[in-house]
Amino acid sequence: MPALAHARFQRLPSPGATSGGPTLDVQFNPTEYTLAKENLLAEVPIPGLDQPIVQFVRGQTEKLTLDLFFDSSEDGTADPTKPVTDRTDAFYQLIKIDADTHAPPVLLFTWGGTAFPGKNRNGFKCVVAGVRQQYTFFSPSGVPLRAKLTVELREYQTLGEQLRRPSRLSADHTKADVVREGDTISGIAY
């Protein structure tokens with residue numbers, strides 16, 4: 001039987017650090033994930049038109065959303081029980097602001113070895129944009145034993161990484177013309 005793909009979150013080193021932080025492994029692999037990429041568009045209203053003119057402003061970060069499942073009931077449900085929060089709290093901390101960088105940590109989410117599914121990269125370099133915890137099973141005394149965490153990750157790229165991409169051509173197509181005696185504005189424009 002082939003080994004199951006393994007999902008994990010690796011805290012990436014901050015600038016100047018010599019090693020990364022801890023690795024968090026998920027208890028059960030996600031059954032699916034969703035990638036989404038959007039553009040920011042502006043609507044410019046023009047009086048008398050049926051709808052505003054839509055203008056591209058900039059691209060947005062790519063988003064990856066997935067559900068993570070955790071269960072601590074394998075040790076039984078009778079008290080004393082081990083709460084599932086012992087496993088989920090570390091994932092919830094990934095959205096918290098790091099004291100050194102004053103921002104959430106930069107992570108590398110990997111699943112299934114070196115190739116991230118559907119992408120030509122070794123993982124999804126990201127920050128956690130949101131975590132929603134849903135507790136679905138409890139001990140008789142109310143200790144949470146099962147949880148689903150819905151995690152939204154946003155792609156992270158430094159300015160330097162973005163500037164190293166192939167340059168884009170400018171939308172400005174300015175033309176130059178040599179003006180001669182007798183030329184008219186309408187003739188130059190033509």
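The legends below describe close-up views of a predicted model.

**View 1. The seven-stranded open sheet.** The strands follow the order E2-E1-E7-E8-E9-E6-E3, and their pairing is antiparallel. Strand E2 (23–25) and strand E3 (33–36) are the edge strands; each has a single partner strand, so one side of each lacks a neighbour in the sheet. From one strand to the next, the twist averages 25°.

**View 2. Strand E7 and its two partners.** Strand E7 spans residues 107–111, and four of its five residues are buried. Strand E1 (residues 7–11) pairs with E7 in the antiparallel sense over five bridges. Within this pairing, Phe-109 of E7 is the bridge partner of Phe-9. E7 is also joined to strand E8 (residues 124–138), by three bridges and in antiparallel fashion. Here Leu-108 is placed opposite Lys-125 of E8.

View 3. E1 and E2 run antiparallel and are joined by three bridges. Gln-10 faces Thr-23, which belongs to E2. E2 has a single partner strand.

**View 4. Helix H1 across the sheet strands.** Helix H1 comprises residues 85–92 and lies across E1, E2, strand E6 (63–71), E8 and strand E9 (144–155). The helix runs at about 150° to E8.

**View 5. A nonpolar surface patch around Leu-49.** Val-44, Ile-46, Leu-49 and Ile-53 make a nonpolar surface patch of about 310 Å². Leu-49 lies in the loop between strand E4 (39–44) and strand E5 (53–59). With a relative accessible area of 48%, Leu-49 is partly exposed.

Technical notes
Residues are numbered from 1 along each chain as its sequence is written. This is a predicted model: local features need pLDDT of at least 70, side-chain atom pairs count only at pLDDT 80 or more; totals for chains, interfaces and linings use all residues. Side-chain values use heavy atoms; hydrogens and water are left out. Patches are made of residues with over 30% relative accessible area and no salt bridge: like charges are joined within 9 Å, nonpolar side chains (Val, Leu, Ile, Met, Phe, Trp, Tyr) within 5 Å. Accessible areas come from the Shrake-Rupley method with a 1.4 Å probe; for residues, only the protein chains shown count as cover. A salt bridge is a side-chain nitrogen of Lys or Arg within 4 Å of a carboxyl oxygen of Asp or Glu. Helices (H or I, at least four residues) and strands (E, at least two) are DSSP runs, numbered from the N terminus. Buried means under 20% relative accessible area, exposed over 50%, partly exposed in between (1.4 Å probe, protein chains only). Two strands pair if DSSP finds at least two bridges between them. Axes are lines fitted to C-alpha atoms, for helices over the stretch in contact, and angles run from 0 to 180 degrees between N-to-C directions. Contact means heavy atoms within 4.5 Å.
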